[in-house]
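Subject: A structure for you to look at

Hi there,

Please have a look at it first, and then read on.

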Amino acid sequence: MVVKERDMMGGLAKGLKVIEAFSAEHPRLSIAEAAEIAGLDRATTRRCLLTLSELGYAAYDGKFFTVTPRVLRLGTGCLATMPLPRIVQPTLDRLSQEIGQSTSVSILDEGEIVYVARAAQSRVMSIALMPGSRLPAYCTSMGRVLLAALGPEEARRILEATPLVARTEWTVTEIGALMAELDAVRPSGHAVIDQEVEIGLRSIAVPLHTIRGKTVAALNVGLAANAEPLDTIIARYLPALKAVQAELATMIV
């Protein structure tokens with residue numbers, strides 16, 4: 001459905017852009033910072049932030065704004081209507097118990113992955129991940145399997161529209177190199193990240209398919225980096241991920 005411009009609510013669209021400016025990397029924003037991230041002028045951003053504060057969706061200390069737990073109503077309501085989290089969570093809990101590691105399921109939203117289910121064993125990242133959390137797709141194992149499931153042209157379009165920031169010294173940020181990584185993921189059926197998102201974090205991911213074979217999400221295991229070779233870690237955890245992948249393929253429509 002194509003919505004005509006006269007049917008669009010400009011104020012709502014701008015308010016949503018301001019809400020989306022907040023992230024794990026930017027939990028506290030000044031008006032100027034929020035305006036820059038949202039791509040809006042300061043006056044508009046100020047009105048949006050003050051409105052969010054008045055309605056209880058943001059808190060203001062005189063200089064910085066932070067979102068409040070009330071914002072979770074917007075995301076939790078959406079997640080509650082999605083069948084995927086309800087389908088995968090019991091299997092995710094069982095897998096996490098079996099392998100003794102944290103596991104997650106996410107979906108792709110343009111250049112980011114959005115966590116829809118998680119079973120945590122031990123915290124391996126500096127930020128707490130939960131359903132609704134977002135991370136860049138280009139440097140995450142789940143993001144790469146989801147980007148690899150797209151056609152090369154679509155994957156390149158998303159990468160070109162994404163700020164490719166070197167989060168660590170090992171982060172791959174060159175588009176040609178990232179496209180080569182996706183080319184390697186397609187035949188192997190899995191992606192491995194070694195400290196590209198954050199120092200001390202490794203992860204392995206596989207795509208999740210519907211009964212008809214369409215990729216709709218990704219499943220991963222997050223691990224603390226150690227001296228073990230990657231091949232050893234892949235051999236230890238990939239079979240369990242593949243088994244759950246096959247199991248869920250009979251349940252997701």
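To get your bearings, in which loop is G62 found? G62 sits in the loop between strand 2 (58-60) and strand 3 (65-67). Helices (H or I, at least four residues) and strands (E, at least two) are DSSP runs, numbered from the N terminus.

Before going further, a word on the model. This is a predicted model, in which local features need pLDDT of at least 70 and side-chain atom pairs count only at pLDDT 80 or more, while totals for chains, interfaces and linings use all residues. Residues are numbered from 1 along each chain as its sequence is written, and side-chain values use heavy atoms, with hydrogens and water left out.

**The chain as a whole**

The protein chain has 9 helices and 9 strands. Its radius of gyration (taken over C-alpha atoms) is 19 Å, close to the 18 Å from the globule rule (2.2 Å times the number of residues to the power 0.38) for 253 residues, so the chain is as compact as a globular protein of that length. The C-alpha trace spans about 55 × 40 × 35 Å along its principal axes.

Of the 253 residues in the protein chain, 43% are buried. Here buried means under 20% relative accessible area, exposed means over 50%, and partly exposed lies in between (1.4 Å probe, protein chains only). The accessible surface of the protein chain is about 13500 Å², and 57% of it belongs to carbon and sulfur atoms; these areas come from the Shrake-Rupley method with a 1.4 Å probe. Looking at contacts (heavy atoms within 4.5 Å) between residues at least 6 apart in sequence, 57% join residues at least 24 apart.

**Two helix pairs**

Helix 2 (31-38) and helix 3 (residues 42-54) pack with their axes 9 Å apart, at an angle of about 110°. Axes are lines fitted to C-alpha atoms, for helices over the stretch in contact, and angles run from 0 to 180 degrees between N-to-C directions. Helix 2 and helix 3 are therefore roughly perpendicular to each other; that label covers 65 to 115 degrees, whereas angles under 35 count as roughly parallel, over 145 as roughly antiparallel and the rest as oblique. From helix 2, the contact involves I31, A32, A34 and A35, and from helix 3 it involves R42, T45, R46 and L49. By class, these are 5 nonpolar, 1 polar and 2 charged residues. Ala, Val, Leu, Ile, Met, Phe, Trp, Tyr, Cys and Pro count as nonpolar, Asp, Glu, Lys and Arg as charged, and the others, Gly among them, as polar.

Now for helix 6 (residues 141-148) and helix 8 (residues 175-188): their axes come within 9 Å and cross at roughly 80°. Helix 6 and helix 8 are therefore roughly perpendicular to each other. Helix 6 brings R144, V145, L147 and A148 to the contact, and helix 8 brings L178, E181, L182, V185 and R186. The contact of helix 6 with helix 8 has 6 nonpolar, no polar and 3 charged residues.

**Some loop residues**

S30 is buried, at 14% relative accessible area, and beyond its neighbours within four places in sequence it is in contact with K63 and F64.

What about H190, buried or exposed? H190 counts as buried, with 16% relative accessibility. It lies in the loop between helix 8 and strand 7 (191-194). Leaving out neighbours within four places in sequence, H190 is in contact with V145, V185, A205, V206, I234 and L238.

Two residues have a positive phi without being glycine. E110 has phi near 55°; it lies between strand 4 (102-109) and strand 5 and is partly exposed, at 43%. Q195 has phi of about 60°; it lies between strand 7 and strand 8 (201-209) and is buried, at 16%.

Finally, back to G62, which counts as exposed at 53% relative accessibility. The C-alpha atoms of G62 and A205 are separated by 43 Å, and the two residues are 143 apart along the chain.

Enjoy exploring it!

Best wishes
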